[in-house]
Amino acid sequence: MEFQLKAIILKKTNINEYDEILEVLSEQGHLQVFCPSTRKPTSKNKLSLLPLNLVSLELIKSKYATLKPRLKRATTIKAFLVKSNLINMANDLLYFFSKIKDTDSLILLDCYEEQLDNLDKNKDTKVLDFILFRLLMIEGIDPKTDGCVECGRLDRLVDFQFHKGGFLCSDHSDKLLGKSNLEALFYLSQSFSDFDLHCGFEEAHLIKRMIIQYLSEVLY
């Protein structure tokens with residue numbers, strides 16, 4: 001039986017003389033795929049199977065439950081840019097994509113497809129923040145952004161902590177994160193254009209550190 005999936009390429013492992021085992025993050029979660037002859041120079045699928053490419057995979061399901069689906073055709077939907085300034089970002093994405101536990105990744109895949117168009121436009125850290133925040137959401141972590149997570153008040157918000165669940169007012173935190181950082185964190189849950197407009201360079205890097213630290217604690 002043949003079926004089709006949208007997926008992000010995560011990892012390839014060489015087997016036999018010309019074959020590979022492909023690990024992807026698909027709309028159904030993580031999946032391993034047997035890819036015959038994709039290491040041959042003449043393979044038509046070879047160029048689509050680069051790390052972090054978003055692809056459409058045409059697969060053949062085996063009648064044996066223990067066998068991996070077999071690749072028939074891979075088509076690039078959007079490619080991840082191979083540039084030196086994106087290496088650290090690529091490593092972060094590959095690491096955290098590999099840690100996802102949820103099986104329904106469609107929201108993340110749709111977000112990733114949109115954000116690939118924003119790479120290498122002096123907003124790469126914002127793009128990473130935005131994608132990783134959606135990763136949190138599909139893992140069931142959806143921080144409260146409409147008031148203090150402890151009491152619900154809308155004024156005197158001074159802090160934001162992922163492990164607490166969102167914004168905190170001055171009655172529940174003695175930390176002062178700063179107005180510009182709080183504003184950027186609020187718009188992180190909105191559209192990317194709004195987040196881009198209300199988030200500066202320093203705010204983006206602070207949010208990146210906050211999200212990566214939190215993800216490193218909860219995804220293992």
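**Aromatic rings and a helix**

A: In this predicted model, F192 is buried, with a relative accessible area of 11%. The value for F130 is 5%, so F130 is buried as well.

Q: How many aromatic pairs does the structure hold?

A: The structure holds 9 aromatic pairs. In one of them, the ring centres of F130 and F192 are 5.3 Å apart and the planes meet at 80°, so this pair is edge-to-face. The pair joins distant parts of the chain, since F130 belongs to helix 3 and F192 to helix 5, 62 residues apart.

Q: What sits over the ring of F130?

A: The charged end of R134 does, 3.7 Å from the ring centre.

Q: Which residues do ring pairs link into a cluster?

A: The cluster consists of F160, F162, F167 and Y214. F160 is buried at 2% relative accessibility, and F162 is buried at 5%.

Q: Which residues of helix 6 are buried?

A: An α-helix has 3.6 residues a turn, so residues three or four places apart point the same way. In helix 6 the buried residues include L206, M210 and Y214. The buried residues of this helix pack against several elements, among them helix 1 (87–99), helix 3 (124–138) and strand 6 (157–161).

Q: What span should helix 6 have?

A: At 1.5 Å a residue, the 18 residues of helix 6 (residues 201–218) should span 26 Å; the end C-alpha atoms are 26 Å apart, which agrees.

Methods
Residues numbered from 1 in each chain as written. Predicted model: local features only at pLDDT ≥ 70, side-chain atom pairs only at ≥ 80, totals over all residues. Heavy atoms only, no water. Helix = DSSP H or I, 4+ residues; strand = E, 2+ residues; numbered from the N terminus. Expected span 1.5 Å × (residues − 1). Buried < 20%, exposed > 50% of the residue type's maximum accessible area, 1.4 Å probe, protein only. Contact = heavy atoms within 4.5 Å. Phe/Tyr/Trp six-rings, centres within 6.5 Å; stacked < 30°, edge-to-face > 60°. Lys NZ or Arg CZ within 6 Å of the ring centre and 35° of its normal.
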